[in-house]
Amino acid sequence: MSDLSKYRNIGIFAHVDAGKTTTTERILKLTGKVHKTGEVHDGEATTDFMEQEQERGITIQSAATSCFWDDHRFNIIDTPGHVDFTVEVYRSLKVLDGGVGVFCASGGVEPQSETNWRYANESEVARVIFINKMDRVGASFLGVVDQIKTILAAKPLIMVLPIGAENDLKGVVDLLTMKAWVWDDSGLPENYVLEDIPADMVDECNKYRAELIETAVEQDDELMMEYLDGNEPSMDDLKKCIRKGTIALDFFPTYCGSAFKNKGIQNVLNAVVDFLPSPTEVPPQPEVNAEGEETGEFAIVTTDRPLRALAFKIMDDKYGALTFTRIYSGILKKGDTILNTFTGKSERVGRLVEMHADDRIELDQAQAGDIIALVGLKNTQTGHTLCDPKHPATLEPMVFPEPVISIAVAPIDKANAEKLGTAIGKMVKEDPTFIVETDDDSGETILKGMGELHLDIKVDILKRTHGVEVTVGAPQVAYRETITKLVEDSYTHKKQSGGSGQYGKIDYTIEPGEPNSGFEFESTVVGGSVPKEFWPAIKKGFETSMVEGVLAGYPLLDVKVTLTDGGQHAVDSSAVAFEIAAKGGYRQTIPKAGPQILEPIMKLDVFTPEDHVGDVIGDLNRRRGMIQAQETTPTGVRIKAEAALSEMFGYIGDLRTMTSGRGQFSMEFAQYAPCPKNISEKVIKEAAERNAK
């Protein structure tokens, strides 16, 4: 069995274009995993193996790979930076023990960095920070450190200082050993020497080293007292303190360099070994019951306990379906039969493979702490727990955001229609935020996703990966409906048609619920006017009706129904009768309750060079945008705003035109809000026209 203390399960995550994938490439080169380094801009990066990734120079799906450094095993996941694919970041963080947050030395803390950092905080993942691209014009190590403090409210612990910057970047000073790492101009990562600190940096290095030690010894009272008495802690004690504080998320060891120029990567690898936790040093995963509530049991990371594993990603490739799995406890062998507690079905593990991007190495077995892929599982999806059939348990599942945008696609002919169903089945399994529905009236296939780029990539995958030619409709917004008034009402369902009839009478109030409360139901009935056994049927009648609002047929949100009284018949009353009564009551009462259309409001983070700020703000105002904050950065201005999704179609093209190609933005769902009257009328009219067809 492998020594779990030598394992590091880490993710590399950051904003688009901060250099995550390039950093991963350099790590693979240094650890001997690849012999020729692939470049993102050439479309040759190891972990960007999809055609769409190579063309666009972005990472779309998280890629897993394993390598070794200083006798430690690294399982690395390179995650996407674009906001439409944050689900990939979220589900990767769910199964990792540590991370490397990469920031651009000139761009600083960019919009998507915040989202990813927030996800990492929620997942309580320990991180080291790597400020990359120190060779870029406008690079400022300490400037980005300040942004991390102010924007992310995080505490960076400066571990190195750069020697030079921009074109003069020579290397870094390690503040622990007080040695200068200086690389030559060959561009080879191994061509460096350890030297004395440059004379003009000695005072600055002493200042930051003192800060480093003071922060570290706060983790140990005895060492702190000794330090205050003038005794400097030993290197081992210092590293122990930094490790303890990093795992506790008290601070984040911060490094810098240039991945592209191969400078400063070794220091980050050493930090992963020295300061990030092994699988046994992070809080164990809680187990939950069928309702999703914690049971008090945990999946302790050890090979001595029954198998507990989480499927966190499904990928379909030329060899079949791959299920990426993190094993939390126990041992998994080729040929084992395992239980999927979500479906209640057993599955046989045909093959176990260790992934290196899209290459694979066959394994006979894997153990607690490993991240591997299983080949041949039929019914397992993202977030399902796999366990020992004799000792069933369910791990805390993953929760994914609802899609906010949809497009209609139609195959161009019958041959493509047959291929479309199979292709979409595979794609839905791979991505939990990609939802597909069929419009019963028009027969169209509706694709729903997290943003325009998300759906654009999906259509591209349909065409190129699966060879399905489709015509694509205009993007549609996922509107919702709600009510604004409290209404007291009564409804009686009575039917007599020979033999026993149906009877159910309900008195109830329908009122607006709290925002994000969904559907709530309660009964204040006392006495036997509506027997308790019929309450669930009444609840079901109202709840199932809410999938279709009365204005334009969109789902109804945030409604509370209270059953106050009613009546029953000794013979003719049944659960079915009361369920039908509730459905009738819904149709009767919702139109009286001030129904209104809600639209998705998006949180925007727009970056623009300073000379285009006026144009960008003017354009956002025209799009019904509400500007909430403006912040000047070393390279431009960040504008935080909220705007209706319906106004944001095609925004990236307009923004690039306004800013001569230099602007960028990220957008994520904020909340649903009431539509203005003119928009509501348009939405209702369009729905009526669709239904008339």
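Residues are numbered from 1 along each chain as its sequence is written, and side-chain values use heavy atoms, leaving out hydrogens and water. Because the model is predicted, local features need pLDDT of at least 70 and side-chain atom pairs count only at pLDDT 80 or more, while totals for chains, interfaces and linings use all residues.

Student: How many disulfides does the structure hold?
Tutor: A disulfide is a covalent bond between the sulfur atoms of two cysteines. The cut-off here is a pair of cysteine sulfur atoms within 2.5 Å. The count for this structure is 0.

Student: Is C256 buried or exposed?
Tutor: Buried means under 20% relative accessible area, exposed over 50%, and partly exposed in between, with a 1.4 Å probe and protein chains only. C256 has a relative accessible area of 1%, so C256 is buried.

Student: Is α6 parallel or oblique to α7?
Tutor: Helices (H or I, at least four residues) and strands (E, at least two) are DSSP runs, numbered from the N terminus. Axes are lines fitted to C-alpha atoms, for helices over the stretch in contact, and angles run from 0 to 180 degrees between N-to-C directions. The axes of α6 (residues 202-217) and α7 (residues 221-228) come within 8 Å and cross at roughly 140°. Under 35 degrees is roughly parallel, over 145 roughly antiparallel, 65 to 115 roughly perpendicular and the rest oblique, so α6 is oblique to α7.

Student: Which residues of α7 make the contact with α6?
Tutor: Contact means heavy atoms within 4.5 Å. From α6 come A210, I213, E214 and V217. Their counterparts in α7 are L223, M224 and Y227.

Student: What is the bridge partner of E520 in β34?
Tutor: β33 and β34 (residues 559-567) run parallel, joined by 5 bridges. In β34, the partner of E520 is K560.

Student: What is the relative accessible area of T589?
Tutor: T589 lies in α13 (residues 575-589). Beyond neighbours within four places in sequence, T589 is in contact with V487, D489, Y508 and I510. T589 is buried, and the relative accessible area is 0%.

Terms used:
Two strands pair if DSSP finds at least two bridges between them.
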